[in-house]
Amino acid sequence: MATSKLSIINDALTLLGANRITSLADGSTESAVMNQLFDSTQDAVLRAYPWNSATFRRELAASTDTPVFGFNFQYALPTDPYCLRVLEMNETTSMDLWKVEGRFLLTDASVCKIRFVGRPESLGEVDSLFAQALTARLAADAAYTLVQSNNLANLMYQLYGGKLAEAQTVDQLESSRDHFKVSRLEEVRIGGISSGVKFGKAIW
């Protein structure tokens, strides 16, 4: 069965022991809660990890407006697909300094090529690890509302952290050693999610 919004929501409901839904608009409490949470939760999971299946490359055109101070150029971030997180600019060996502010990337470089995490056009294009991570995070975010259980929410956050750690291991197998790089911040964030949660939220 192809991955879809409905299948991910139903898998999350199954993890919670809640009633599955027949459609995204079946009028149930479950569909209302999951529809409300889904988009923001999906974007949070996409931003949390450099998923291979949601990574894109673009060369950006400089804006006619320039930053008031600090940098010489600004580039509008892609909207197709919608850019959620810039991973690198002008290759990993570039010494160019850059900073994302709002929906712009600011830099002194006159050429701007980025690799970024974007919102997939279809969930059918994502890999199974992303789908499983999104399922666990959605279950965690909905746990208290649907089943009034902080303990279950904590278990789902731990499952979510485990899926991110599993994805990191797979990434190492799917990239050459000299290209695969994980920042210290990424390691701390993934390790923090895997090691525990507090008050229903992952420890970052």
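Is Trp51 buried or exposed in this structure? At 1% relative accessibility, Trp51 counts as buried, where buried stands for under 20% relative accessible area, exposed for over 50% and partly exposed for what lies in between, with a 1.4 Å probe and protein chains only.

The model is a predicted one, in which local features need pLDDT of at least 70 and side-chain atom pairs count only at pLDDT 80 or more, while totals for chains, interfaces and linings use all residues. Residues are numbered from 1 along each chain as its sequence is written, and side-chain values use heavy atoms, with hydrogens and water left out.

**Aromatic rings**

A pair of aromatic rings is described by the distance of the centres and the angle of the planes. Rings of Phe, Tyr and Trp (for Trp, its six-membered ring) pair if their centres lie within 6.5 Å, and the pair is called stacked with planes under 30 degrees apart, edge-to-face over 60 and tilted for the rest.

| Pair | Centre to centre | Angle between planes | Kind |
|---|---|---|---|
| Tyr49 and Trp51 | 5.0 Å | 65° | edge-to-face |
| Phe73 and Tyr75 | 6.4 Å | 35° | tilted |

Tyr49 is buried, with a relative accessible area of 2%, and together with Trp51 and Phe130 it forms one aromatic cluster. In the other pair, Phe73 is partly exposed at 27%, whereas Tyr75 is buried at 1%. A ring can also meet a charge: the charged end of Arg103 sits over the ring of Tyr82, 4.0 Å from its centre, a description that asks for NZ of Lys or CZ of Arg within 6 Å of the ring centre and within 35 degrees of the ring normal.

**The nonpolar cores**

In soluble globular proteins, nonpolar side chains tend to be buried together. A nonpolar core is here a set of buried Ala, Val, Leu, Ile, Met, Phe, Trp, Tyr and Cys residues joined through side-chain atoms within 4.5 Å. The largest such core has 39 residues, and those with the most contacts inside it are Leu16, Met34, Trp51 and Phe130. At least two residues of this core come from each of the helices α1 (5-16), α2 (29-48), α3 and α4, and α3 gives the most, with twelve residues. Helices (H or I, at least four residues) and strands (E, at least two) are DSSP runs, numbered from the N terminus. A second, separate core has eleven residues, including Val86, Leu105, Cys112 and Phe116.

Contact means heavy atoms within 4.5 Å. If residues up to four places away in sequence are not counted, Phe130 touches Gln42, Val45, Leu46, Trp51 and Leu123.

**Helix α2**

The 20 residues of α2 should span 28 Å at 1.5 Å a residue, and this agrees with its end C-alpha atoms, which are 28 Å apart; the expected span is 1.5 Å times one less than the number of residues. The helix bends by about 40° at Phe38, the bend being the angle between axes fitted to the seven residues ending there and the seven starting there. Among the buried residues of α2 are Met34, Phe38, Thr41 and Val45. Thr41 has 3% relative accessibility and so counts as buried, and, leaving aside neighbours within four places in sequence, Thr41 is in contact with Leu134, Arg137, Leu138 and Asp141.

Lys113 is found in strand β6 (residues 112-118) and is partly exposed, at 45% relative accessibility. The C-alpha atoms of Lys113 and Glu88 are separated by 8.4 Å, although these residues are 25 residues apart along the chain. Apart from neighbours within four places in sequence, Lys113 is in contact with Arg58, Glu59, Glu88, Met89 and Asn90.

Asn90 itself lies in the loop between β3 and β4 (98-101), where its phi is near 55°, a positive value in a residue other than glycine, and Asn90 is buried, with a relative accessible area of 17%. Gln148, in the loop between α3 (128-147) and α4 (150-173), also is not a glycine and has a positive phi, of about 50°, but Gln148 is exposed, with a relative accessible area of 52%. In the loop between β2 (73-76) and β3 (83-89) lies Pro81, which a cis peptide bond with omega of about 0° joins to Asp80.
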